[in-house]
Amino acid sequence: MKLSDLGEFGFIDRIARKYPTKNPSILKGIGDDSAVISLSKGLIVLLSTDQLIEGFHFNLEITDGWKLGWKSLAVNLSDIAAMGGVPIGFCLSLGIPSQRISIEFLDDFYKGITSLGERTGVELLGGDTSEGGERLTISVSVLGKASQGKVIYRQGGKDGDNLYVTGYLGDAALGLKLLKKGVYKKGMENIINRHLCPEPRTRTGQLLAERGIPNAMIDISDGLLADLNHLVNQSGVGAEVDLCLLPLSTEFRAWAAVYEPNPINLALRGGEDYELLFSASPEKSEEVDRLSKELSYPITYIGKLSRKIKGIVVKDEKRKIKEVQPLGFDHFRDG
Ligand code: ADP
Ligand code: MG
């Protein structure tokens, strides 16, 4: 059997089915943004890992050591945020092509990763170092904590829930597009940085969980539709997304108006925004608006969950309902 037939998520499902966890303290193994372990009464430990491989996740022609360091931790913190957890520390393993990668580059990398660590109260706990051969390989594991009963899973979405997304969609995908084309337009720095050094929504995730607002939550790493698809599948409901409500940044809109023939596609399928997508009961809508004001940061209503819908549908600009394929990035299908 070929991996491309199974796809990345088919492969992960296969592993999860073959090796279910047995220890009752493990509340969630494979299948969410972080593993969830109940260590002692009231205390939950969260553990998550993500790797970045040169040529697949990054390209040293369009980033630098500092930004790469920042991003390596950011993508991991995003998974702890998606559970509503508080990150504590991280381990960092590097496979380094020693003939090509300089000490100065690595010093910058460590400055970048620890800058985000200081900002979020997360410390470097250890790691592993090896010759990397052809590609620089970065693997980060983050440890976090949460209170019993406050962890938010992908699977908790309910019929009638409102769907919300933090921040803006599509910026990171547009940033990558601009970097690949070598277009460095003035005024697009924010968009480019959304791809190179994303901001994990650590505080937003914690506040949402502390206040018991979401029923289900996931971070958007593979694109809105792909990640919403995980949330709806695990929650056993469908979703309707209103395309007119998708939050697009001012810079994104300005660029799209002139150069982008299908901006909605970038917002729906472009990955790496590392925003949070959550569902909450309609009674929580005022609390969501209050939190958004408190954070001076958009948290936007984009649609609803419904058990009457199968999979995901979108409402387009003409108010027509259309089925969509929730495809996002898949390592074994998109290379
Ligand atoms: P995320 O995008 O939030 O990092 P992934 O899609 O990478 O999540 O992973 C989904 C789930 O599958 C997570 O629980 C992750 O720990 C698990 N997972 C991914 N790859 C593997 C693997 N090779 N072996 C075991 N579990 C895996
Ligand atoms: Mg995730």
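This is a predicted model: local features need pLDDT of at least 70, side-chain atom pairs count only at pLDDT 80 or more; totals for chains, interfaces and linings use all residues.
Residues are numbered from 1 along each chain as its sequence is written, and chains are lettered from A and ligands numbered from 1 in the order in which they are written.

**Ligand 1**
- A backbone N or O atom of Asp32 lies 3.0 Å from an oxygen atom of ligand 1, and a polar side-chain atom of Asp50 lies 3.4 Å from an oxygen atom of the ligand.
- Taken alone, ligand 1 exposes 560 Å², of which the protein buries 67% (Shrake-Rupley method, 1.4 Å probe).
- The residues around ligand 1 include Phe9, Ile12, Ile30, Arg154 and Ser221, where a residue counts if one of its heavy atoms lies within 4 Å.

**Magnesium ion (ligand 2)**
- Asp33, Asp79 and Asp219 each give an OD donor to the magnesium ion, at 2.0 to 2.1 Å (donors are N, O and S atoms within 2.8 Å of the metal, or 3.2 Å for Na, K and Ca; water is not among the atoms, so sites may look incomplete).
- Asp33 lies in the loop between E1 and strand E2 (35-40) and Asp219 in strand E8 (residues 216-219), so the pair ties together parts that are 186 residues apart in sequence; strands are DSSP runs of E with at least two residues, numbered from the N terminus.

**Sheet**
- Six strands form an open sheet in the order E1-E2-E3-E6-E4-E5, with mixed pairing, two strands being paired if DSSP finds at least two bridges between them.
- Strands E1 (26-28) and E5 (123-131) stand at the edges with a single partner strand each, so one side of each is left without a neighbour in the sheet.
- E1 and E2 are antiparallel over two bridges, and in their hairpin, with six residues between the strands, Gly31 takes a positive phi near 125°.
- Strands E3 (residues 43-53) and E6 (residues 137-147) run antiparallel and are joined by 11 bridges, with Val140 in E6 as the bridge partner of Asp50.

How values were computed:
Side-chain values use heavy atoms; hydrogens and water are left out. Helices (H or I, at least four residues) and strands (E, at least two) are DSSP runs, numbered from the N terminus. A polar contact is a pair of N or O atoms within 3.5 Å; within protein, one must be able to donate a hydrogen and the other to accept it, and residues adjacent in sequence count only if both atoms are side-chain atoms.
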